[in-house]
Amino acid sequence: MNEPGNAVEGMLTLLAIEPTLLPPAPERADGRHIEHRRRDEIHDCLRCGQRAMVAYIARSMVADPDPGPRWLDLCPACDYWLRTNLPEEWRP
Ligand SMILES: [Zn+2]
């Protein structure tokens, strides 16, 4: 599970969140979907509840059945926390 590029799984582990509790993301979301969610919608940060300014799409590699892509919303501080706390091999 510690494969390079598996940053999202690392995020989920760090956040201790079940993917099925996150809002479902479009199957083929692209940069515009992410921009729209970040800028035009209001979501709470998963970690602290402040307004999220960053959105990621998470996809669990281990959940069975596969819950599909999920949104991961974070405020800037928690985004920073997450990126600096990810194991080195998981950093994008
Ligand atoms: Zn936060």
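A contact means two C-beta atoms, placed from the backbone, within 7 Å. The protein as a whole averages 83, with 88% of the residues scoring at least 70.

This is a predicted model: local features need pLDDT of at least 70, side-chain atom pairs count only at pLDDT 80 or more, and totals for chains, interfaces and linings use all residues. Residues are numbered from 1 along each chain as its sequence is written.

The protein has 3 helices and 2 strands. Their order from the N terminus is α-α-β-β-α. Both kinds of element are DSSP runs numbered from the N terminus: helices are H or I, at least four residues, and strands are E, at least two. Take the contacts between residues at least 6 apart in sequence: 68% join residues at least 24 apart.

How much of the protein is buried? Of its 92 residues, 27% are. Buried means that 20 or more other C-beta atoms lie within 10 Å of the residue's own; exposed means 12 or fewer, and partly exposed lies in between, with C-beta atoms placed from the backbone.

Now the largest nonpolar core. It holds 16 residues, and Met 11, Tyr 56, Ala 58, Leu 72 and Leu 74 touch the most other members. Such a core is a set of buried Ala, Val, Leu, Ile, Met, Phe, Trp, Tyr and Cys residues joined through C-beta atoms within 7 Å. At least two residues each come from α1, β1 (54-58), β2 (70-74) and α3 (76-85). Beyond its neighbours within four places in sequence, Met 11 contacts Tyr 56, Ala 58, Leu 72 and Leu 82.

Turn to α3. Its buried residues are Cys 78, Asp 79 and Leu 82. They sit on the same side of α3 because they cover an arc of only 105 degrees around the axis. That arc is taken from the directions from the helix axis to the C-beta atoms. Tyr 80 and Thr 84 are exposed on the other side of α3.

Last, a loop residue. His 43 lies between α2 and β1. It counts as partly exposed because it has 18 C-beta neighbours inside 10 Å. Leaving aside neighbours within four places in sequence, His 43 contacts Ala 52 and Asp 73. The C-alpha atoms of His 43 and Met 53 are 8.2 Å apart, with the two residues 10 apart along the chain.

Key:
pLDDT is the predictor's confidence in each residue, from 0 to 100.
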